[in-house]
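Open the model in your viewer and switch to a cartoon view. We will go stop by stop, selecting a few residues each time.

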Amino acid sequence: MTARLGAGRYLDAAEIPSGTITSAHELATADGAKISGVLRTLPGARTVVSIMHPRMDTTHHVLVPELLARGFAVWTQGTRSPNNDLNLIHEQALLDVAAGQVFLWEKGFASRITLGHSGGGTLFAFYHQQAGLAPEHRIATAPSGRPVDLASADLPVPDGAVFLAPHPGQGALLQRLIDPSVADEADPLSVLDDLDPFATANGFAVPPTSSAYSADFVERYRAAQADRIARIDAEARARVALADEARARFKTTQDPADRRASVAPRILTIYRTDADLRFVDLSLDPNERPYGSLFGRRPDLTDYGLVGFARLVTPEAWLSTWSANTTNADFLRCAPGVRTPSLFVELTGDAACFPADAKAMVAALGTDDVDHRRVAGTHFGGPLRSGEPTGASLAAAEIGEWLAERFRG
């Protein structure tokens, strides 16, 4: 075991192939925001693969050189909220995706393929769903009530979709990870002993020994996770209502104090979101995953740390992205709208997409042309064991083969 808590999250990418033409671009979205992206292509490349994530910078994603080496152009872009959960509105992120797809269509590529890794999978599933609808049937508001004009935006439908280790969506994922033993939302160290996932009395074992939680504890824990999400939902709605009330007052009073009250962000602080019981009890939904979470080898420590999902968010972002109860960006709900040829690559040591998840996600896709492949690796594409091939390299081989079969021309 390494002493570094976060080891395993970052992989070294291969060198970009010689002859690659790289260009950086700033694009305007339909609602006037600016997003940036990097296009890497090779002479004669007719197929371009878009790699994107709602909250992470994918410019140097480990698959970029792998795809280029196989003759495919690669477009990596961010949303208007790169590396930042603070105000990530998934409905707005669709406009960011659309700007990139319009750009690639105008570049004249014969085939445009989306590749969503982790949270990028649900983002692209959401985009495929909305792009495939008649404009008047698209979502018109975010869950907070904020208008989002998808109807008048150009949302080109991609020609294919690749999903690499997609989790079920930020909201569904957080409900699995959130620590329900937080006794006081204002105190990161407060603990309800009967729900503490890291108490030996509840089944926790000294790391890296696998814990052993009883079925009763697992049931109570998961119910309490849902309860905590619902409590935060209520607080988020209350804070949105304060802004809405101030906005309504300002229309009448024109008082700057009301205007200030309408734009005040009323930030939510969400402590302890790295506590899925399956991180430390490997008997739950077993697969080949190693002990530990997405963020490190010691969830009993990282759960209390700074790194984690949804640490600081606006109420609007919570409702749009992080609440399983209100988000529109849910893989299983969006997947029926994916009607293009699709490849689903499951990593056998994933701690965010478990075997039952993968089976359900594949079954939910709205296309009859879907290929489900499994390769050995961890969620971010690392190897299962030292000295073995990385999951990223094995996935790249499968993705390259699938693309060549369908989109080489």
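In what order do the 8 strands of the open sheet run? The order is 1-2-4-3-5-6-9-10, and the pairing is mixed. Keep in mind throughout that this is a predicted model.

**Stop 1: the sheet and its edges**

Colour the sheet by strand. Strand 1 (21-28) and strand 10 stand at the edges. Each has a single partner strand, so one side of each is left without a neighbour in the sheet. Now look along the sheet. Neighbouring strands are turned by 20° against each other on average, ignoring direction.

Select strand 1 together with strand 2 (residues 34-41). The two pair in the antiparallel sense over 8 bridges. Show leucine 27 and find its bridge partner in strand 2, isoleucine 35. Then move to the turn. Strands 1 and 2 form a hairpin with 5 residues between them. Glycine 32 sits in that turn, with a positive phi of about 90°.

Strand 9 (residues 342-349) and strand 10 run parallel, joined by 7 bridges.

**Stop 2**

Which residue forms a salt bridge with arginine 373, its closest N and O atoms 2.7 Å apart? The partner is glutamate 398. This pair links distant parts of the chain: arginine 373 is in strand 10 (residues 370-378), glutamate 398 is in helix 11 (residues 391-407), and 25 residues separate them. Salt bridges with shared partners join Asp371, Arg373, Glu398 and Glu401 into one network.

Check the exposure of the first pair. Arginine 373 is buried, at 11% relative accessible area. Glutamate 398 is partly exposed, at 24%.

**Stop 3**

Select aspartate 303 and arginine 272 for another one. Their closest N and O atoms are 3.6 Å apart. Aspartate 303 is in the loop between helix 7 (299-302) and strand 8 (312-313). Arginine 272 is in the loop between strand 7 (268-269) and helix 7. The two are 31 residues apart, and the pair links distant parts of the chain. Are these residues buried or exposed? Aspartate 303 is buried, with a relative accessible area of 0%. Arginine 272 is buried too, at 2%.

Next, pick aspartate 285, in the loop between strand 7 and helix 7. It forms a salt bridge with arginine 278, with 2.7 Å between the closest N and O atoms. Aspartate 285 is partly exposed, at 35% relative accessibility, whereas arginine 278 is buried, at 6%. Look at the backbone as well. Phi of aspartate 285 is near 45°, a positive value in a residue other than glycine.

**Stop 2: around helix 7**

Select aspartate 300, in helix 7. At 13% relative accessibility, aspartate 300 counts as buried.

**Stop 5**

Go to alanine 165, in the loop between strand 6 (160-164) and helix 4. Its phi is near 45°, positive in a residue other than glycine. Alanine 165 is buried, at 0% relative accessibility.

Move on to proline 208, in the loop between helix 4 (170-177) and helix 5. A cis peptide bond joins proline 207 and proline 208, with omega about 5°.

Now select helix 5 (residues 215-253). At 1.5 Å a residue, its 39 residues should span 57 Å. The end C-alpha atoms are 57 Å apart, which agrees. Just after helix 5, glutamine 254 takes a positive phi of about 55°.

**Stop 3: a nonpolar surface patch**

Finish in surface view. Select Leu86, Ile267 and Leu312. They form a nonpolar patch on the surface, with about 220 Å² of accessible area together. Isoleucine 267 is in the loop between helix 6 (256-263) and strand 7. It is partly exposed, at 31% relative accessible area.

Notes. Residues numbered from 1 in each chain as written. Predicted model: local features only at pLDDT ≥ 70, side-chain atom pairs only at ≥ 80, totals over all residues. Heavy atoms only, no water. Salt bridge = Lys/Arg side-chain N within 4 Å of Asp/Glu carboxyl O. Helix = DSSP H or I, 4+ residues; strand = E, 2+ residues; numbered from the N terminus. Buried < 20%, exposed > 50% of the residue type's maximum accessible area, 1.4 Å probe, protein only. Expected span 1.5 Å × (residues − 1). Patch = residues over 30% accessible without salt bridge, like charges linked within 9 Å, V, L, I, M, F, W, Y side chains within 5 Å. Areas by Shrake-Rupley, 256 points an atom, 1.4 Å probe, with all protein chains shown as cover. Pairing = 2+ DSSP bridges. Axes fitted to C-alpha atoms, helices over the stretch in contact; angles between N-to-C directions.
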